[in-house]
Amino acid sequence: MTKVNTSLFKSSKEYVCWIDIMGTKNTMSESFQKAANFILKFHSCVIDAVKNEKDVSYYPLMDGVFITASNNEVIRRIIDNIFSNVAEIFLSEQKHGHRFIIKGSLAFGDIAHGIKINEQICPNLASEDDYKRAIMCGLPMIQAFTAEHVAPPFGVYIHESARTPQDLQGKYYNWLPYKGNELKNKLLKRIISYFNWCGYFNQYLEMDPNKIALYKKLAQEYFTNHMESDKEDNPWDK
């Protein structure tokens with residue numbers, strides 16, 4: 001009988017970010033090559049963002065990834081890099097059918113990493129480095145995973161556990177605050193065009209028209225600063 005002693009499996013306070021590709025199930029059922037193309041491009045962006053960072057852990061899962069870090073600036077920098085690079089891919093493609101969108105969420109709390117499992121914790125796993133490296137335990141990973149469904153397209157939802165008075169506040173993390181309104185407007189315009197295309201081919205793509213409308217609304221909210229002063233061209237005045 002396998003013996004374990006989880007009292008020795010120590011956790012630490014860390015940020016946990018979950019990011020995944022929207023609509024992979026439908027894409028995979030349509031085309032293996034198309035889905036593989038999206039997944040490999042996404043994970044290439046992930047590895048580029050994490051490979052030079054210290055004290056970072058990552059757990060790829062098919063079309064998504066968990067990324068953890070104790071440092072606030074590090075996790076934000078990783079998010080910024082991943083979303084910026086995937087956005088560049090999205091904008092550079094000439095056909096909507098070749099585009100994919102990601103979204104994510106961020107939580108904070110106690111996380112235990114499988115790589116720390118030793119003989120005293122679980123003898124059967126102690127020497128299985130490749131296997132135990134894929135294990136992570138902790139409430140923040142569940143919070144990040146479940147909160148992602150309310151994130152906007154190309155947006156990051158901040159779970160309540162990660163919101164602090166001095167730093168992260170509000171429901172959404174803005175990963176392109178210094179890139180200017182030109183990029184925001186260009187990305188939003190292309191996202192809306194993409195979902196209009198999805199709406200036209202919703203039967204083939206097996207997409208719910210109501211969800212398509214919701215994604216468009218969420219994107220419009222995310223890429224429009226709701227705290228900015230009233231202007232003549234504000235969409236809520238039209």
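A residue is called buried when its relative accessible area is under 20%, exposed when it is over 50%, and partly exposed in between, with a 1.4 Å probe and protein chains only. The model is predicted, so that local features need pLDDT of at least 70 and side-chain atom pairs count only at pLDDT 80 or more, while totals for chains, interfaces and linings use all residues. Residues are numbered from 1 along each chain as its sequence is written, and side-chain values use heavy atoms, with hydrogens and water left out.

The buried residues of H2 are Lys34, Ala35, Phe38, Ile39, Phe42, His43, Cys45, Val46, Ala49 and Val50. They lie on the same side of H2 because they cover an arc of only 155° around the axis, taken from the directions from the helix axis to the C-beta atoms. The face turned away from this buried side carries the exposed residues Phe32, Gln33 and Leu40. Among the partners that the buried residues of H2 pack against are S1, H1 and helix H3 (72-92), where contact means heavy atoms within 4.5 Å.

Lysine 132 has its place in helix H5 (residues 129-132) and is buried, with a relative accessible area of 5%. Not counting residues up to four places away in sequence, lysine 132 touches Gly114, Ile115, Ile117, Leu125 and Ala126.

Conventions: Helix = DSSP H or I, 4+ residues; strand = E, 2+ residues; numbered from the N terminus.
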